[in-house]
Amino acid sequence: MSTFTFATASYESGDWDSAPLVPPNIIDTIARYTSIDVAPTGIVVPLGSPDLPRYPLVFLTGHLPVRFTAAEREQVKRLVDRGGMLFVDDHNHDIDGAFHKTATEEIRRTIGPLAELPNDDPLYSAFFDFPDGPPNTGHELNGWGDNLLHKHLLTVRREGRIAVLYSNKDYSSEWGYHPDNKRFLAVDNTRFAVNIVVYALTR
Amino acid sequence: MSARERVARTRAVLGATAVVASLVRGAAVAALVLVVAGALDWALGIERSARVAIVPAALAAGALVSVVSLWRARRALRLGAVALWIEERIPTLRFALVTAMEPRAAGVALPELERAVSNVRWRAPVAATALRAIGLPALLLGAAVGVRAVLPPGVVSRIEAPRVGDSLESPRAAAASGASRLSPLVATITPPAYTRRKPTTLEEPATIAALASSGVRLEGPGRGAGMRASLGGEALEVTGTSGRWSVIFAMPARPAVVRLGDGARSRVIVLEPLPDSAPSVTLTSPARDTVMRDARGVVKMAAGASDDFGLTAVWFEYIVSSGEGESFKFRSGTAARRAVRGGSSTASLESALRLDSLALRPGDVVHLRAVAVDGNTATGPDTGVSETRVLRVARAGEYDSIAVEGAPPPDADASALSQRMLIQLAEELERRRPRLERRVVIEESRRIGTDQARLRRRVGDIIFERLGNSESGEESSGTSPRAAMTPEELLRAANAATAGESAHALDFEGDETPVVALNRPLLEAYNAMWAAGRELETGEPDDALPHMRVALAAIMRARDAERLYLRGRAPAVVVDLAKVRLAGKIDSASARGRTPRARLSSSSATRAARLDAALLLLPSNPSAALDSLVLLRVAALADAPRLAADIGAAVESLRAGKDASAPLLRARRTAAGAPVTRTNAGEWGGAW
């Protein structure tokens, strides 16, 4: 059985490395709740690399505008066409911000338009149950960004499965802490990441 | 007039007669060829590829006849021959004319010969000859023209001006009783106006490939009564005029099938939409990303754009990102925007970006790209963009050798609803208001008002905080002169205090409580929240919304205050998997047991199965198999164009009655895909 490696995409136009603690935190979460064979460290893969489709789940975040190069656009298309999943999170959680506007434009241009993901989608029951849809974060109403509670995630589907999962909820900030600090939390706020990974590996 | 002169004149007349006669003969032959061809086309039908050659052939035959006729009449060019010709017809001349034509031979007898010739007239034989030479061909020509006049108009045009789509003009195409009205079939495709392309016509199309939104008109012989037509399951109207039926529709955006029906007969036509490509844009300058120490100078910008049909506008676009950590601001703009005149398919753009005009600071990032828009008015203009160049201004300490680790970020306070959320709630209540009881509206409005008041108090805490005393302005003691002031008075006082130079120290002025961190937008927000709260308390969310929006706008302006958010560089974290494996608490979570999902069927496997089914059907029911292949082709157009092309070739062969083995074999191999390599043989099942 092959090992799941959490891949973070590096792209040329912005600050792709704005959430360096998210990968180890998600890896820690996967190990805590599942028996999935996961690599202890994540990997950074250039978005324009031909190796991109080797990873079933690719994480992309940032604050700055996202502008795909021709190579990045081609590889993202390959990733999606081959059944991979791209998880994009707006680290600004600002629908008026440049990241959201440019990233959604690039996704629309490369793969297709984003649509709301219904809150009863199988993603929300892929491992843990989230009957109300995507869990809210403590950053959505922190006074920065758009100060909105986003009720839905956005998605582009391929043959009925989620190919692109887009979040305005700033999971990059919510999950951007050292995994050892989980012990101080009453409820582990990274459990939704397990659903995302399990969905990407099993759908 | 001497004999010579008379013969010369006769030669001129005979020469003209020969020329006219040859022309008339040539015209008669050409006309006869056309008439005969028309009659054959009327009776038997001639393919357009052959009809195209009829007019040139007729002209060639006529020219040949004219040339041969002229050649045969060449003797009329020589005076001696003309004189002999006259002698043959006027025997009484007894060669006097011929002799008179040779003065040296005539010698002294020339005057007598001239006298003998001058008394003889040969006009009548010349006229008779001319009449014979021209009359008969003229009669033939007239007969041919007459026959042409009585031929049906469609026949004449099919012969004289053959074109694609003239099969309907043939009288044979008119549907006799019981004959199929599905053939001949003519399709006229009119591209969208913005393409400036002329309509095209197809005969007997099995597939129509055209731009999406092109107008398509299908025509056939006979009236439309009783005909059926559908596109993608939706019925189309069949109209009939001038002995033809027609169906009009627009080319859809996705491959589809048009079904035509006439009684028990049916016909399927594949619609293959061609996309209008977005413009292709190339940014040639700046050629690469850049990091600058100083944001000064000019950046030269150059780009080229091209489109398949025509461009309407091109420009440069930039986004300036300022900030760091978790706080960023963005500014965007365009430069050198211009319209492309005349819908040209190519355009170039040059400009210069003055960095001083962008007010860049260390750490700022400029994203620059070129944009072009085409003139697609059918499905909406398409936008093409170039690669993006990133120009970054180096931070002040970027080149320092000392790294400073900052403190972790403070916790975020998310206890209160934001003003934007309150506006959303109020708008939602206002939308539901017609369906709610007044009592419920008041209750919910007051609930929102409570949250609005809570937010107003938080804003008030920020505005009225004293130095060293965090007492809220709203709950301060009565001894403070500020406690007696209404919010409006506070706002006026604050406005007065901040009028003019903001550099003045604002604290410790007399006995007045200083307004620390005075922020006029926040005061404006505070005031607007008071007004909104009053309206919400009375159950009038619609009256509260304008004040709430004013408050939000003021808060947005206040957010421009600079924030420092220190964050150190996180060390690389390696997860100790052995330590944390299955250590998570799932007793409070509902980890649902999962059942395996059915494996998704591969599209290619589905297509291969459909192709196999169609091939099995071919021997027993060829028409059904043909329809299956056509529908499979439509399904494959978007995802498997090569398979679609192979199936298309097979369909064409089958429809033409040719051997389709080769194209079917190619399609089968394309559908099956590349050979799969297995590293081990499967288990033997015990049977051969």
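Predicted model: local features only at pLDDT ≥ 70, side-chain atom pairs only at ≥ 80, totals over all residues.

Q: OK, what is the strand order of the seven-stranded open sheet in chain A?
A: The order is β2-β1-β3-β4-β7-β6-β5 in chain A, and the pairing in this open sheet of seven strands is mixed.

Q: And which strands stand at its edges?
A: Those are β2 (43-46) and β5 (115-116) of chain A; each has a single partner strand, so one side of each lacks a neighbour in the sheet.

Q: How do β1(A) and β2(A) run, parallel or antiparallel?
A: Strand β1 of chain A, residues 7-10, runs parallel to β2(A), and four bridges join the two.

Q: Switching to chain B, what is the order in the open sheet of three strands?
A: There the order is β11-β13-β16, all within chain B, with antiparallel pairing. The edge strands are β11 (280-285) and β16 (346-354) of chain B, each of which pairs on one side only. On average, neighbouring strands of this sheet are turned by 20° against each other, with direction ignored.

Q: How many bridges are there between β13(B) and β16(B)?
A: Strand β13 of chain B, residues 298-306, pairs with β16(B) over nine bridges in the antiparallel sense, and within β16(B) the bridge partner of G304(B) is S348(B).

Q: Now the contact between the chains: how many residues does each chain give?
A: Chain B contributes 49 residues and chain A contributes 58 residues. The area buried between chain B and chain A is about 4500 Å², and carbon and sulfur atoms give 58% of that.

Q: How many salt bridges are there between chain B and chain A?
A: The count is three salt bridges. In a salt bridge between the chains, the side chains of R369(B) and E105(A) meet at 3.1 Å, N to O. As for polar contacts, 14 residue pairs count between chain B and chain A, with both residues at pLDDT 80 or more.

Q: Which elements of chain B supply at least two residues to the side that touches chain A?
A: They include the strands β14 (311-324), β15 (327-339), β17 (365-374) and β18 (383-385), along with the helices α10 (419-432) and α15 (577-580), in chain B. By residue type, that side of chain B divides into 24 nonpolar, eleven polar and 14 charged residues.

Methods:
Residues numbered from 1 in each chain as written. Chains lettered and ligands numbered in written order. Heavy atoms only, no water. Pairing = 2+ DSSP bridges. Axes fitted to C-alpha atoms, helices over the stretch in contact; angles between N-to-C directions. Contact = heavy atoms within 4.5 Å. Buried area = accessible area lost by both parts, 1.4 Å probe. Salt bridge = Lys/Arg side-chain N within 4 Å of Asp/Glu carboxyl O. Polar contact = N/O pair within 3.5 Å; in protein donor to acceptor, adjacent residues only side chain to side chain. Nonpolar A, V, L, I, M, F, W, Y, C, P; charged D, E, K, R; others polar.
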